[in-house]
Every structure is written in C-alpha cells, then in structure tokens.
Amino acid sequence: MNERCATSPCVTQRQHKSLTSGTASLDENIMLKIENLHASVAGKEILKDLSLTVNAGEVHAVMGPNGAGKSTLGNVLAGREGYEITAGTVSYEGKNLLDLDPEERAAAGMFLAFQYPVEIPGVNNTYFLRTALNAQRKRRGEEELDSVQFLKRVREKLAVLHLKDELLHRAVNEGFSGGEKKRNEIFQMALLEPKLAVLDETDSGLDIDAMKLVADGVNAMRDPSRAFIVITHYQRLLDYIVPDFVHVLAEGRIVQSGDKSLAYKLEEHGYAWIAERKLAGTA
Amino acid sequence: MSVLIANLLDDAPFATGPDWLVQAQRDARSNLGESGLPDARVEAWKYTNLRQLSQRVLRRGDADAPSRDVDSKLLELPGVEHSRIVFVNGALRRDLSCFPLAGALSVVPLASVLADDADSVKKPLLREYAEAESAFAQLNTALSGSGIVIRVAANSTVPEPLHLVFVGASAEHDLAWSARVIVELGTAASLQLIEHHVGIDHAHLGNVVSQLVIGDNAQLDLIQIQNGAEASTLIRRTEASIASNAALNIHTLELGGQLVRHDLAINLDGNAARLTSRGVFALRGRQHVDSHLDIRHHARDTTCDVLWRGVIDERARGVFHGAITIERGADGSDAMLSNKNLLLSAQAEIDTQPVLVIHADEVKAAHGATVGQLDDHALFYMRSRGIPEAEARALLTMAFCRAALDSINNPALLDALTVMLIERLPVTQP
C-alpha cells in the first residue's frame, strides 16, 4: 500500500506544480481527477484502484503492457457502455464525469481518438463532422456554424494534417487506410477543439511519416488551456509528442510515474523491469 | 365466399366495353366465388393473414370521388412538377390532373381506350390469373375500376417524369376501389414514371394492378412511393415484361398503410434484358407490409440486381419474399438479391425469404438476407463526437436505407424521399 502511495501520480504532479507554478491555486488548474477508480467488464475487474490527475496544459503519456487496462481507461473516460464502475470517482472540471452521457462529455470538451476508428457506411464525413460540431455547440449554448464557416474551418485543419479533400466526401472512415483512419481521428480532434483529448494508441499501425503528421497535429494544439492523455505502447511517439509526465499502467493501476526519461527506461528495459522493481519494493 | 368478396361482387355492374372484357369479368367473378381470398395454406400468403380483411364490409367504389376535396399540397412532389395524373379513391380526377401535351408520350384514360381501341388493351386485360394467390388481381378484373394507359412511341425519350398519384380521401364509409395502369414502351423508348400513393384519415382498400411492357432497347425508370393513410389497406401488383436489351429500374418505398401487400412479378423475356430493383420499407406501429418479388429469367444474358432494406420498429411486421427463377436456356444470366433489415424493437418482426431456383447451366447468382440491430460501435463513435443518441440512431438508420435510394438520379426527388423517410423513422429510441 505504501509503495503505491509513494509512486502515486498525484504526488509527483503536486511536486511538479509547486516547482513550476508557484502562485496559481492548484485546484483551479485541475482538469481531470481520477481517484481510486475500479472498473469491470463482464464481471472482470480491469482497472484496480487507478488514480491520475491531469492539469490544464499538460501532456500525460500512459504506457503499459498489453492487457494492462490502457484502452479501458480511454473508454471509461469517453463513456462507452459495458464498463461497470465499481468504485472510485472521476471528476472533470469539477463535475462528476461518470454522470454524463458520451455526447455530454464531448460537448464538455472530452475527446477520445479511437484505437480502432469505426467505419460508418452511408454517413458522409463532412456531414458527420458538421453534425457533431454543431450538436456540441448547441449543447454549450453557442451559435451553430453555417456551411461556409464550417468549411473554412475544415480547410484550415485539413492543411495541417496533410489530408486530402477527397476524404471529406467519403463515408466516415469507409475504405480509409489504417493511417488515414488515424489521421482522420486527429483531424476530427483539430476540428472539434476539445479541452481534454485522450489518444488511444493513435500511433499503432502508423509509419514514421504518418506518426510525424499525427504528432504535428497534436503539437499544434498544445495550449495552456488544453490537456492530453497519450496512451501508447512504445516510446517512439513520445519523441514527437514530448510528454510532461509518463505513467506506467500495469494490472489496472498506475505503478510508476515520472518525467519523459521514464519512457526511455521502459524502452530500454521493457515492462518486466517495472514488475521486478515492484517485487523488489514489496520484498 | 368471403364477406368482403360477396359484398363487392353483389350486383356489381359489368364494364361498358367489348364482349371479351365482360366475359373476362364473369370468369374472374366465378373464379373468386370458388377460391375466395387466399388463406395461410397458400404459400405466397403464408405471412400475411387476410382473415380480418375478408370479413370487412366495404362500399364498392366512391360515387362522391369526383367532388372530394383534396389538398393540393398532398399531390406535390419536388423534382416532379410537370405532368400529373390524379386518382381519388380510384376515380380519375381530370380537374386535379395535368395531362402531358400530345407527343411521343400518350396518356389516355382506360375508359377512352376501351371505347375507341379496345383491342389494343385486350392482352393485358385478358391476362389470366388462375392461382388463388392472385385473388386481388382477379378482383381487379372482376370490378370495373378506372385506369390509365400510358404509351411511349418508339425511339422517344420523355424528358420529364410522369407523376401518377393515387389519393385515398376520407369518406363517410370505408370503401374498396380498384385501378389499373397499363404502360407500354416502344422500341428504344424511355420514360420515368412515379407511382405515388398518399392519403389521410381513411381505412379504404385500394387495389392497383400495373402492367408494364418494355420494348427492345427501351428503358423504364419506375419510382413507387407508398405513403398511404395510417389505417389504409393497399394491395398492388406490378407485373412487367422486359424485352431484349431493355431495362427496368424500380425504386420502391413503402412507408404508410396498415395492411400492405405488393407483388412484383417481373419477367426478363428478351436476351440481355436488365432489372434493377431497389426497395425500402420503414414500418412502425402495427403496420404489416408484405413485399413479394417473383423475378423470372427467361432469356440469355439477362441480369437482375435486387437490393432491399427494411426498418421495422414498435410492433410492426415486415415480410420480404424475394424469389428469382432462372429458367432453362437462360444461360449467361446474372442474378443478385440482397435484403438487409434492422429490427428496432423486441416486438417488431421481419420474415425475409430469399429464394433462388436455377434451371439453366451457366449462370451467376447470389442472394442473401440479414436481420440485425444498429451497430453499437458506430453509435458510440458518433455519440463520443457529440451527436445526441437519438440523432445518431436516426443518422445510422437513414444511412442504412439510403443504400437503396442513392441511385435515384433526381436530386430534388431524392431529397424529398429522404425527408419522407426521416419522418417515418424512429428518433426517440431509448
């Protein structure tokens, strides 16, 4: 128990914040606070006492072996059905995130870039995005964009991601290559301008060029008012999206947190290294 | 004899027309008297029970049809604004119609053809329906309903679509009306025909037989829009003969009605004749809609491509029977049939039955039917982007249906049909 507390991300972040931003009140800056979260799928507990705090302006990388619960974390945050929260809390901008429907979370500024983006035959990409953006704006009490305003915004974002216009006229993700699907996720993120974006293994299946484009898309959006949780297997993406914090997720909870150098250590020694250290620690 | 048939045939006047027609009516009446309406033992009517209908007492025709008020808005259809032929409770209403100018397209009331040139419609009117399954076609012959004869001269392309509207208008009594549509396209002629059923606030029985003859190299684009009154009963039979190198493209949209049966009996009679059939049925409440396709390849290198989508909600029931027969000698035929359905409620029902019978040697044929629900992954994906659940469901359902409508090459009409469809689709699912 003590071991887990010693490596709790809350602690590291508080230390970090106290070093960098002396004056601002801590709570004001907190965007997402996950406390002692337990989540199950079909009766099997996947997240076991996970805690993580993310402040506005930060980029957090969550790394971990297969089956550690990384995607579950993303899905729970986005509100996918089929996940049972058995204990713990998640607050987003001071609200109980778990009370909100997926569409309410989106309007509140949450975005999940899917590990496996879904193909939706028959629904035009442009129409889909405009419907999504305007639904969010409507829910926030903002004016909806007309097609001219919308297309202007689309063109700007397309250019950043080097995506072809043609993608807009196709059905959502239908017939897209793996790389196009992932870039389309980042394009959607750019267009929807979320406050908190969770990227679920956006790097998987990407070649170096596509990964750079994705990273450029993310870096262009880095902002003191916006936060990212980058879920990944490999350290490589983090060469391009440089994180403020790296967390290791294993067996359903964060077992170690650190700065970006932690990612290199993981790359060098593998996840087994964490397990060994943990064993050593408990012993 | 059922109550329905007995009442309708009682003292029914015979047609004012040639002796052969009167004789055909006598024969049809005697056949109906013997066999009555089909029951569940007749395979083609296995899923559509007529017991309730057979006990109804309906007035024969509507004597007041010529003076019934019809809201002109009901007749309008975007993208189809030129010629319009309107029937109200089965009676042709010249005052509401706009006949095309004389030219390659000729549109003449059946009564006039019977008076002037009866022999030219002898073949379709004498078409024999022996089987119990065709009771309504026999009833159509037995009663002297109205009708329209549409002809396109050889080598002529009619530029504007022809709009045929059947309006069910509210009356003091529930009634039964019948109408016949005869369409003949000469060699290399082409026409777009819209068959449109609308109505409000009535529980009539409509009975329409359409007979299409498509000459060599001709092309008929037929768009059938059934958006009838909620409580109405509508029985239609669309039969076609497609000659060499000719094409029939049918889009069928079934939205309204309480009890609806539509038989499509299509014969690919000439070499390289082509049929495409696209259909959507979107049902709710306690609607029962039965679409029965019987497609026969009689000649070489004929093709049929059938794609139907069904959305069934609440306690509605959809029936789809898609049968393709490739007759001996129809080598080189290519047949494709697909029917996919969305069941949106636990009480909804779909009976889908693709049937393929092949008597020829060298053919390509594929068929399939599926029944499913909306894709949860797609639904969550859309919601995660901010689209409210009800809207996401509607969008996905619409996309599912659009696959069968996108080939309509009249954008204004396609938009109008999309709106009609959206109005029928559920938007407030749990």
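# Reading a two-chain model, feature by feature

User: Gly147(B) stands opposite Arg180(B) in β7(B). Which way do β5(B) and β7(B) run, parallel or antiparallel?

Analyst: A short note first: this is a predicted model. Strands in a sheet pair through backbone hydrogen bonds, and they can do so in a parallel or an antiparallel way. Here β5(B) and β7(B) run parallel, joined by seven bridges.

User: What about the pairing of β5(B) with β4(B)?

Analyst: Those two run antiparallel, and five bridges join them. Strand β4 covers residues 105-109 of chain B, and its Pro109(B) stands opposite Ile148(B) of β5(B).

User: How many residues of β5(B) are buried?

Analyst: To judge this, count neighbours: a residue is called buried when 20 or more other C-beta atoms lie within 10 Å of its own. In β5 (residues 146-152) of chain B, five of the seven residues are buried, so the strand is largely enclosed by the rest of the structure.

User: How many residues of helix α7(B) are buried, and what covers them?

Analyst: In α7 (residues 135-142) of chain B, eight of eight residues are buried. Among them are Phe136(B), Leu139(B) and Asn140(B). The cover includes the helices α1 (3-9) and α2 (19-35) of chain B, together with β7 (175-185), β9 (205-214) and β11 (233-242) of that chain.

User: Is Ala346(B) buried or exposed?

Analyst: Use the count again: Ala346(B) has 7 other C-beta atoms within 10 Å, so it is exposed. You will find Ala346(B) in the loop between β18 (334-343) and β19 (349-358) of chain B. Its C-alpha atom is 7.6 Å from that of Glu314(B), a residue 32 places away along the chain.

User: Which residues touch the most other members of the largest nonpolar core?

Analyst: That core has 201 residues, and the ones touching the most other members are Val198(A), Ile214(B), Leu220(B) and Leu248(B). The largest share, eight residues, comes from β7(B).

User: Now for chain A. What is the strand order in its open sheet of four strands?

Analyst: The order is β2-β1-β4-β5 (chain A), with antiparallel pairing. At the edges stand β2 (44-55) and β5 (95-96) of chain A; each has a single partner strand, so one side of each lacks a neighbour in the sheet. For β5(A), the pairing with β4 (residues 83-92) of chain A rests on two bridges, and Asn96(A) is the bridge partner of Ser91(A).

User: Which strands does helix α4(A) lie across?

Analyst: Helix α4 (residues 70-78) of chain A lies across β1 (30-41), β2 and β4 of chain A, at about 70 degrees to β2(A).

User: At what angle do α9(A) and α10(A) cross?

Analyst: Their axes come within 10 Å and cross at roughly 5 degrees. Angles under 35 degrees count as roughly parallel, so α9(A) is roughly parallel to α10(A). Ile186(A) and Ala190(A) are among the contributors from α9(A), and Leu213(A) and Val214(A) are among those from α10(A). By class, this contact has seven nonpolar, two polar and two charged residues.

User: How many residues does each chain give to the contact between chains A and B?

Analyst: Chain A gives 21 residues and chain B gives 17 residues. On the side of chain A, the elements giving two or more residues are α5 (102-107), β7 (120-124), α6 (125-139) and α9 (178-192). That side divides into 13 nonpolar, four polar and four charged residues.

Notes
Residues numbered from 1 in each chain as written. Chains lettered and ligands numbered in written order. Predicted model: local features only at pLDDT ≥ 70, side-chain atom pairs only at ≥ 80, totals over all residues. Buried ≥ 20, exposed ≤ 12 C-beta atoms within 10 Å, placed from the backbone. Contact = placed C-beta atoms within 7 Å. Nonpolar A, V, L, I, M, F, W, Y, C, P; charged D, E, K, R; others polar. Pairing = 2+ DSSP bridges. Axes fitted to C-alpha atoms, helices over the stretch in contact; angles between N-to-C directions. Core = buried A, V, L, I, M, F, W, Y, C linked by C-beta atoms within 7 Å. Parallel < 35°, antiparallel > 145°, perpendicular 65-115°, else oblique.
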